[in-house]
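Hi everyone, thanks for coming along. I'd like to take a few minutes to walk you through a model, so please have it open on your screens.

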Amino acid sequence: MTETANWLWWIPALPLFGSALCGALHFTILRRRRMGASADQHSSISAWVAVSMMAIAFMFSIRAFLALRSGTQFGLESLESQAWSWIDAGSLDVQVSMVLDRLSSVMTLVVTGVGFLIHVYAAGYMKGDPGYAKFFAYLNLFVAMMLMLVLSSSLVGLFVGWEGVGLCSYLLIGFWYTKGWPAEAAQKAFVVNRIGDAFFLLGMFLLVRVFGTLDMSDIGASVARMSAQQGGTLALSALLLFGGACGKSAQLPLFVWLPDAMAGPTPVSALIHAATMVTSGIYLIVRLNPLFAAAPTVLFFIGTVGALTAAIAGSTAIVQRDLKKVLAYSTVSQLGYMFLALGAGAWVSAIFHLVTHAFFKALLFLGAGSVIHGMHEEQDMHRMGGLRKHMPRTFLTFTAGAAALSGLPLLSGFFSKDEILAQTMARGGGYWVLWAIGVMTAMMTAYYSWRAVSLTFFGEERFDVNEVHPHESGHLMTTPLFILAALSIFAGAFGLPEVFHVAHAFKDWLDPVVAPGNAILFDGHAPHLTHATEWLLLGFGAAIALGFAHLGFHGHRNGTGTDERLIAEEPAAARFLTDAWGIDRAYNRLIVQPLKVLSYLIAVVVDQFAIDGVVNGAGSGARSLGTRLRRMADGSIATYGLWMGGVSVGLTLVWMWIGAAA
Amino acid sequence: MADFLFYVAALVAVLTALGVVALKNPVMSVTSLLGCFFSVSMIYLLAGFQFIAAIQIMVYAGAIMVLFLFVVMLLNLGTDEMTDQVEQHIGKGARAKAGIGVALAMLVLSLVAALSTRFDGVDPGLAENGNDPVPALAGEMFTRYSLPFEAASVLLLATAVGVMVLAKRHRSPRPASGANRETGGAA
Amino acid sequence: MNVPTEHMLILAGILFSIGVAGFFLRRNLIVVLMSIELMLNAANITFIAAARQHSTVGDLSLEGPIFAIFVIAIAAVEAAVGLALVIALFRRKQTVSVDAVNLLRD
């Protein structure tokens, strides 16, 4: 049962308001700068505004969570708040309303909580940038849109938020557009996203046709009824929605925008491309779990795509030199893990991994940002080394994040990843292959995480000590790092496996939300692993993580030697991996170049020659006709008379002829 | 008898019309046209339209032709010098040829039209008395055709005014041009 | 008079054509105006012939004569205005040649 809570609107409204305020501040700053006055105060005000909006929103999220928790004893499932009826056309009725159930409360907490920490960090990171206030305006706007996405009760509202975060991603990736390539990266992100959005829209159209409504809870409730006759259409719409998720969550083949998106400021990468926006696809699928559960084939497809993406991205991350690119491909890879979980029907595990990943990936990005800042915008790991002496706090927290990512035992990443792999294996059949791919990816993950740590913080200093003076970052930046590190280390407590004989907090919390899907998919026979198998898997996972972490760490302890040997001995393989298996190049050859040719064709041939020719030709034709006709009026009476006489004779002839015919 | 007179009058009309077009001296042209009008008036009379015949003489021959003659005399176009000034009194260019072509076409058309129409006979009693009795004409004119009548009178008034304006000599002294002197053509 | 109507119409046609020819052939403006009068006269003859054709002794068709009266009035007006223009033109250009009147050309 649900309860009305109109204060829910504060959650997205506050960041929205903060965005507007920061925007106004930005224009004020511009004006003052043009007049030559100082605008530092305004800049810091904007930071305070943005951060405090996030803090308050976070508190509201906590309130919502607590309200839900205390209400469970009364059977409270969700809080809702209806605003107005947006589209009321025939049988379609779209409401603007929010619904906060257990799933969205988790998401809201992550978005506002991690978002808050990142805002704080950004206040320090972006200091000195002329677009300081604009940055916070965009950042707050993004959070507002993401919250709309997560809290909306209707697919339409979700789509609005979906598009909104896409827009903010574009704005933020291209924040430093004057440099040139960020603008291209932003455009690429937007265009690839758009492709996904097209699929999303098609899926929505199908859903409207089948269900007559786009309210997600209504759809979820009606799936079981409809899946008998409309199975095919439902599966198709699920597939299309997954297509949309691929675009937003950077799965194969629409992941190409994420590595390029590293052109944006690092807090952006942390917030948008690690913790929140890219997780929208997973949220969408979990939210509509009955729909997807009714199409097991689609689910297997999703799992396959996720596994393959994870493997490809993981392999690419191994050979990257740019620290942020490693993290970008790692994000794609981990997102693949989440989709693998969804494919196996392990909805809760996907969300669990989403949360832990948000913690440690945001931490890693922020840490990378700290490193880059301290190295004066150097991002190439081959030019770093031995930084743990210069940046101890960054080093500690970054390592914690890497440890969590690689799945070292008892850290959060260990539990969430293991759960996914266990659930995948439990499904059996074709899922064994996916499990194997997942295990391979885990090896790669451990390897590249510790490679990054080793190259960056250990070994000799591969930079000119006289030129570059790496320094630790300020408290504004390091405090969030520590908080996130603590979360990355201890968040596993929320998802301890059964065999520990402790409650799995996540599963208990989210079970009611995914129960319908589970009912459709498993029909009471949920796949189950024996305790022995579970312990085995836990040990296996720990062994892999430790083993490959060791390999990765020590393999690069002495600097760039290993990398250079790879390039020297296997140049083709090295290039193949570095270019993400050539997918970007394939895109270029298959789509971009033909499009350019087609565009040229249309612009020059069709537009210039044909259309302009016709239009201009009509004009010049009219003019020449006019010139010729003008000679009729030459001022001489006889000419006029001749025309009159001649035409009257002609007309008379015509009339006589007509008269004769009639 | 009346028929014969008609054909004579018709012949005279055509001949004098040709004279208008062909004669070099404008004064002769005017006189020729005068003769044409007289013969046309004769034709009207023969057809029994006495009033129209009278009007034809009074207005056309008596007023319009007199006007033409006045202007010709005024502009001294009758003297040999003036006549020679307009050299080639008949245009020889392509325009003229086209003009003849048009005239011939019209002639042919009207002949074809006249000959191919089937007319019933004319009432023989018509030629005796006036076929346009003035009382009847007046009755029609002032009742059914009162609007065109009034319009025509307004037109005549406008013409009177307009002609006076058009032909007025500008007495305002014009410093630069010395053309407007008392020489040739002054009223 | 029992002349068939066709003959009167033929006469009108001939007079009209002569007028048209004179309009195009003569280069003296005044003669051109006279040709116009000729054409109008031809039209009048047509009207009278038609009135004659359609009248019976008891029921006279008076439209013909009335229209002829109007035509004569118009002809007078037009001749007056035309001649006034000729005079004005002569004052400017000292000539009455048709070719002199082409200032409205392109």
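Strand β1(A) and strand β2 of chain A, residues 78-89, pair in the parallel sense over three bridges. A quick word on terms: helices (H or I, at least four residues) and strands (E, at least two) are DSSP runs, numbered from the N terminus, and two strands pair if DSSP finds at least two bridges between them. One bridge you can look up is that of A:Glu3, whose partner in β2(A) is A:Leu79.

Before I go on, this is a predicted model, in which local features need pLDDT of at least 70 and side-chain atom pairs count only at pLDDT 80 or more, while totals for chains, interfaces and linings use all residues. Residues are numbered from 1 along each chain as its sequence is written, and chains are lettered from A and ligands numbered from 1 in the order in which they are written.

Back to the strands. β2(A) and β3(A) run antiparallel, joined by ten bridges; A:Gln82, for instance, has A:Ser97 in β3(A) as its bridge partner. These two strands form a hairpin with two residues between them, and A:Gly90 in the turn has a positive phi of about 65 degrees. Put together, we have an open sheet of three strands in chain A, in the order β1-β2-β3, with mixed pairing. Which strands stand at the edges? They are β1 (2-4) and β3 (92-101) of chain A; each has a single partner strand, so one side of each is left without a neighbour in the sheet. From one strand to the next, the twist averages 45 degrees (axes are lines fitted to C-alpha atoms, for helices over the stretch in contact, and angles run from 0 to 180 degrees between N-to-C directions).

Now for chain B. Its secondary structure is seven helices and zero strands. Of its 187 residues, 25% are buried, meaning that 20 or more other C-beta atoms, placed from the backbone, lie within 10 Å of a residue's own. Chain B averages a pLDDT of 83, with 81% of the residues at 70 or above; pLDDT is the predictor's confidence in each residue, from 0 to 100. Do look out for residues 178-187 of chain B, where the pLDDT is below 50 and the stretch has seven contacts in the model beyond near neighbours in sequence. A contact here has C-beta atoms, placed from the backbone, within 7 Å.

What does chain B touch? Its contact with chain C takes 76 residues from chain B and 63 from chain C. On the chain C side, α3(C) gives the most, with 21 residues, and the classes come to 44 nonpolar, 13 polar and six charged. Here Ala, Val, Leu, Ile, Met, Phe, Trp, Tyr, Cys and Pro count as nonpolar, Asp, Glu, Lys and Arg as charged, and the others, Gly among them, as polar. With chain A, seven residues of chain B contact seven residues of chain A.

Last, the cores. A nonpolar core is a set of buried Ala, Val, Leu, Ile, Met, Phe, Trp, Tyr and Cys residues joined through C-beta atoms within 7 Å. The largest has 220 residues, and A:Phe142 and A:Ile351 are among those with the most contacts inside it. Helix α4 of chain A, residues 132-151, gives the most to this core, with 18 residues. Apart from it lies another core, of 79 residues, including B:Ile64, B:Leu77, C:Leu9 and C:Phe47.

Terms used:
Buried ≥ 20, exposed ≤ 12 C-beta atoms within 10 Å, placed from the backbone. Contact = placed C-beta atoms within 7 Å.
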